[in-house]
Amino acid sequence: MINTMLNNTPNNTFCSPNNTEWQELISHFAQQSLHFLQNIEHFPVANLTPHLPETALPEQGLGSEVTAKLVESELIPQMSGSRGPRYWGFVTGGATPVATYADWLVAMLDQNVSKGGDSIATQVEQQAIKWLVALFDLPDSFTGLCTTGATASNFLAAVTARQYAGEQQQIDIAKQGMKHLDVEIFSACPHASMIKTLGLAGFGQDNVRYIKTLPDSEAMNPKDLERQLNNSQARSKIVISSAATVTGTSFDDLQTIAGLCQAHAAWLHVDAAFGIFARLIPAKKHLSDGLELADSITLDGHKWLNVPYDCGFFFTRHQRLLVESCHVAAPYLVQSTTTPDFMSLGIENSRRFRALPVWMTIKAYGQAGIRFWVEKNCRQAAILADYLDASNHWQLVHPCALNVVLFRPDEKHLASVSCSEILHQINRRGKVFFSPGQWQGQHIIRAALSNWQTEDADIAIAIQELNTVALQNT
Ligand SMILES: Cc1ncc(COP(=O)(O)O)c(C=O)c1O
């Protein structure tokens, strides 16, 4: 019994020549990875019927070899091919080879990027953030950090804006709480994650003053914002803008909105989770003019930067307020350098080395490489939109501005089937995956292209799938 237990606990001779556990796992991993990547085309783009049988909590471990084989036989076959080129739901990237390799290294190196002073990992994150600020042509007054995704970044925006509002009213919110804070939040089409984080940050999910949108757009109407700011009696104001809404890819007029925010001493946060990548394309850069005037910005890594989950970024021009909100004070965590430690800039104390895939992506592919796949995805989205616009079976519901295509079954030619049923039929076939949405009160289908691997041939496959499903329903 003791022998079994010892056999099934990790062999703690680390990587000595006697330690076969590491060697076996590394070679098993290499084989499994190659097999998965080479066979990705045989996986459904999304597995809609996964099944994990209930089993009791094990008392004795099976050991690493048996467990690895179990994963190979029971779990991997039920995964989806979502990292591949035709998963167009939500806004989803697919980790590039270099970013994937970097993430493998992250697990192997197992560094804790909470504070500097014990490895180079902190400097790697600092450098990656500086490069991103430069990549998106923002002033170097912006500093920031890697987060777990855009939701976490929106949360940091909410708490930093909260601290700003408190300071306007001589309240240190981080220390004293929100009880006496008099604040109003203004937004037109905030992402659902932003609403969630307003709840988490104590503002309340329902406490948003909604601004009208421009016609046929999800962009904020600046005139209505001006009117509502003028009417507001609140002592502090926070404006939440979008640089590409998740459905309509609408960009708020950030220059005008920033001017209004300045006039009203309001905090301006911009959720630019994927829209910020438009700044890499000369013809689309103007869409986010004024982003440089924001007080804080959310962007995502695991979308168009094509690094593995979970990776986003938060930028702000007010690092002091971020530190006041997130500072960790404990004698054993004494500040290691003059620049704030990452654990005092974000949510977590202990942090994954998620900057390495970002750093390696920028080093390996450069600005030109990233720009290439962003431009390619936009061009491909336009091809798909043109097909839908010309098709009798489908209706393009909104012109494609960037990388998201919105469509629905044509009411005349595909009258017998609902939008959600036809979406399900397409996704069930496993060749291409779209997600649902709503546009001006109507159910629609969304295709969001943000994967570096998508080729024009994939657009042709998707069009073939759309034709086949349309014919089956006519
Ligand atoms: C504009 C926008 N903001 C925030 C999010 C949330 O991102 P995440 O899933 O990385 O938390 C998304 C996701 O699609 C988004 O499109």
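Q: Which helix gives the most to the lining of the largest pocket?
A: In this predicted model, that helix is α2, with 10 residues.

Q: What makes a residue part of the lining of the largest pocket, and how many residues line it?
A: A lining residue has an atom within 4 Å of a pocket point, and 33 residues line the largest pocket. Nearest its centre lie Phe29, Gln32, Ser33, Thr100 and Trp104. The space in this pocket comes to about 1100 Å³.

Q: What classes of residue make up the lining of the largest pocket?
A: There are 21 nonpolar, 10 polar and 2 charged residues in that lining.

Q: What about the second largest pocket: how much space lies in it, and which residues are closest to its centre?
A: It holds about 440 Å³ of space. Of its 27 lining residues, His191, Ala192, Ser193, Val246 and Phe274 are the closest to the centre. α6 (150-168), α8 (192-200) and β10 (435-439) each give two or more residues to this lining. By class, the lining of the second largest pocket divides into 11 nonpolar, 11 polar and 5 charged residues.

Q: Which residues of α8 are called buried, and what do they pack against?
A: Buried means under 20% relative accessible area, and in α8 the word applies to Ser193, Met194, Ile195, Thr197 and Leu198. The buried residues of α8 pack against α6, β2 (183-187), β3 (209-210), β4 (236-242) and β5 (267-271). After α8 comes Gly202, with a positive phi near 90°.

Q: How do you know that the span of α14 agrees with its number of residues?
A: Helix α14 (residues 456-472) has 17 residues, and at 1.5 Å a residue they should span 24 Å. The expected span uses one less than the number of residues. The end C-alpha atoms of α14 are 25 Å apart, so the two values agree.

Q: Why are the buried residues of α14 said to line one face of the helix?
A: The buried residues of α14 are Asp458, Ile459, Ala462, Ile463, Glu465, Leu466, Val469 and Ala470. Looking down the helix axis, they fall within an arc of 160°, so they line one face. Residues three or four places apart point the same way, because an α-helix has 3.6 residues a turn.

Q: What lies on the face of α14 turned away from its buried side, and what does the buried side pack against?
A: Exposed means over 50% relative accessible area, and the face turned away carries the exposed residues Ala457, Gln464, Leu471 and Gln472. The buried residues of α14 pack against α12 (355-390), β8 (394-398), β9 (404-409) and α13 (419-428).

Conventions: Residues numbered from 1 in each chain as written. Predicted model: local features only at pLDDT ≥ 70, side-chain atom pairs only at ≥ 80, totals over all residues. Heavy atoms only, no water. 1 Å grid on protein atoms, 1.4 Å probe; cavity = no way out; pocket = protein on both sides within 12 Å on 5 of 7 lines; lining within 4 Å. Points joined across faces, edges and corners; volume = space filled by probe spheres on them. Helix = DSSP H or I, 4+ residues; strand = E, 2+ residues; numbered from the N terminus. Nonpolar A, V, L, I, M, F, W, Y, C, P; charged D, E, K, R; others polar. Buried < 20%, exposed > 50% of the residue type's maximum accessible area, 1.4 Å probe, protein only. Arc of directions from axis to C-beta. Contact = heavy atoms within 4.5 Å.
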